[in-house]
Amino acid sequence: MKTVIVGAGISGLATAHALLEQQPDLELQVLEASDRPGGKVWTDKSSEGFLCERGVNAFLNNKPETLELVAKLGLSPLASCDASRNRFVYSEGCLRQLPDSPPAFLASNLLSLPGRLRVALETVIPRGNKSDESLAEFATRRLGREAFEKLIDPMASGVYAGDATQLSLKSCFPRIHEVENEYRSLILGLIRLQLKALANRESKLPSAGPSGQLTSFSGGMSVLTTAIASKLGDRLQFATPVASITRQGVRYTIHLSDGRQEEAERVILAAPAYAQSTMLRELAPEIAGLLDNIPYPSLAICCLGYKREKIKRDLNGFGFLVPSRERRQILGTLWDASIFPNRAPEGYALFRTMIGGARSSELAQLPEDKLVDLTRSEIASIMGIDMEPEFVAVYRHSKSIPQYVVRHAQRLATIESLLKKHPGLILTGNAYKGVSLNDCVANAYLIARSLRANS
Ligand SMILES: Cc1cc2nc3c(=O)[nH]c(=O)nc-3n(C[C@H](O)[C@H](O)[C@H](O)COP(=O)(O)OP(=O)(O)OC[C@H]3O[C@@H](n4cnc5c(N)ncnc54)[C@H](O)[C@@H]3O)c2cc1C
């Protein structure tokens, strides 16, 4: 049975790798529109020695599938520096460290005393009764307005470049949704989960935030996707955009933009949802319509390098996020050279600032010089670093991260039921069940296992 995968981002590449692991002689082709593998995984190394990630910065080492894939490829992962556990938010005129434990939270002045007391009241708030609600509704209901605005809203822009009033809690943070369903209170649920883990002598205790250590590679994230691509060899074709898919009986025809065609019994679409929508317009117009409605805001990344000795403040941390209530022009800045040891030449700092996203998509479209000016002035005002950068790089994603808005789960259920009419057609990628690189890799292995079970 011939299989064609469309798209060589991490989703398409990891799916190809997982399928070949199961069946090394599988007739398989991966068709990629651009002239390189990786999609949103794209590392740039400048002639000055700065290593900038245009898209994916790192993954958390808390999912076995990605770590196993890295090991099978013979790659050496690079753990983030310990200091990067210190995370900051910009609040009321200065950077404040996010507390990393309940006692630190109680002692911290990030929230006012009434704000902290309102968080403590979470333990007596009844379970919610909506099947799907926004992250903003959920967090305000359980933790209060202040905690939502100062702690949860910046998480929405940091992970999704999203708008917390639109994102679905259950689709974006399913574990939190499950904890409320199971235990009613997040705080009490977490305590019970930790006690259970202690009783079972588990080495890792459950936590409210993402657990695990940020991980990349010495040469940046592209090391991973390049390694998979080179294993695929000539099964992977670049500069081969797919225009549409049609079907005659059990065979699909994949129509390429240059007029050529490929035939296959199984087609796995791993391009972004809007591209899958275009490909499916004739074959499955209803699915195409649903996919077309998944929003992708624009995002710009501005990397600035500075001489370290000229910076007076300490940079021991991951960087900071900016809540929307602060009405600044950036979503946050990562202190890249403090996260991984080799992101800047000796004696330099590298800052990676995100601009745009769902709340201010138009800012990401500004001309390059305006983006640099805006970033410089925000870094000057927020971090007190007011000087000419020695290095500048700007990257743009006109369609960045798919937004799992309220009713995303319902949309997926409808798509799944419509797909029953198209046996052998599989939709994957970060638009469905998790936006992180870890989710994309885990989904690749799920697909491979389910195909083996059904073959
Ligand atoms: C700026 C940014 C930063 C991010 N940072 C992180 C991070 O630090 N950690 C993390 O876990 N996740 C991060 N993400 C999320 C990231 O998007 C996913 O983890 C993952 O890389 C998505 O992979 P994918 O293969 O599903 O999609 P993509 O990477 O978008 O790949 C899709 C591929 O399909 C190809 N394609 C498109 N149309 C066609 C066509 N018609 N024919 C053939 N091929 C086509 C594209 O060229 C592309 O190569 C970030 C995303 C962005 C935008």
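**View 1. An exposed asparagine in a loop.** Asn 129 is exposed, and its relative accessible area is 76%. Since this is a predicted model, every legend here describes a prediction. Look for Asn 129 in the loop that connects helix H4 (113-120) with helix H5 (135-143). Now find Asn 181: along the sequence 52 residues separate it from Asn 129, yet in space the two are 9.5 Å apart, C-alpha to C-alpha.

**View 2. An open sheet of five strands.** Follow the strands in the order E10-E2-E1-E14-E20 and you have traced an open sheet with parallel pairing. Which strands stand at the edges? They are E10 (236-237) and E20 (425-427); each has a single partner strand, so one side of each has no neighbour in the sheet. As a reminder, strands of a sheet pair through backbone hydrogen bonds, and they may do so in a parallel or an antiparallel way.

View 3. Strand E2 (residues 28-31) and E10 run parallel and are joined by two bridges.

View 4. Leu 188 belongs to helix H9 (residues 186-199). Is Leu 188 buried, partly exposed or exposed? Its relative accessibility is 33%, so Leu 188 counts as partly exposed.

**View 5. Two residues with a positive phi.** Most residues other than glycine have a negative phi, which makes the next two worth a look. Glu 92 is not a glycine, but its phi is positive, at about 50°. You will find Glu 92 in the loop between strand E7 (87-91) and strand E8 (94-97). Ala 161 is not a glycine either, and its phi is positive at about 50°. Ala 161 sits in the loop between helix H6 (145-160) and helix H7 (169-172). How do the two stand in accessibility? Glu 92, at 49%, counts as partly exposed, whereas Ala 161, at 4%, counts as buried.

Conventions: Residues are numbered from 1 along each chain as its sequence is written. This is a predicted model: local features need pLDDT of at least 70, side-chain atom pairs count only at pLDDT 80 or more; totals for chains, interfaces and linings use all residues. Side-chain values use heavy atoms; hydrogens and water are left out. Two strands pair if DSSP finds at least two bridges between them. Helices (H or I, at least four residues) and strands (E, at least two) are DSSP runs, numbered from the N terminus. Buried means under 20% relative accessible area, exposed over 50%, partly exposed in between (1.4 Å probe, protein chains only).
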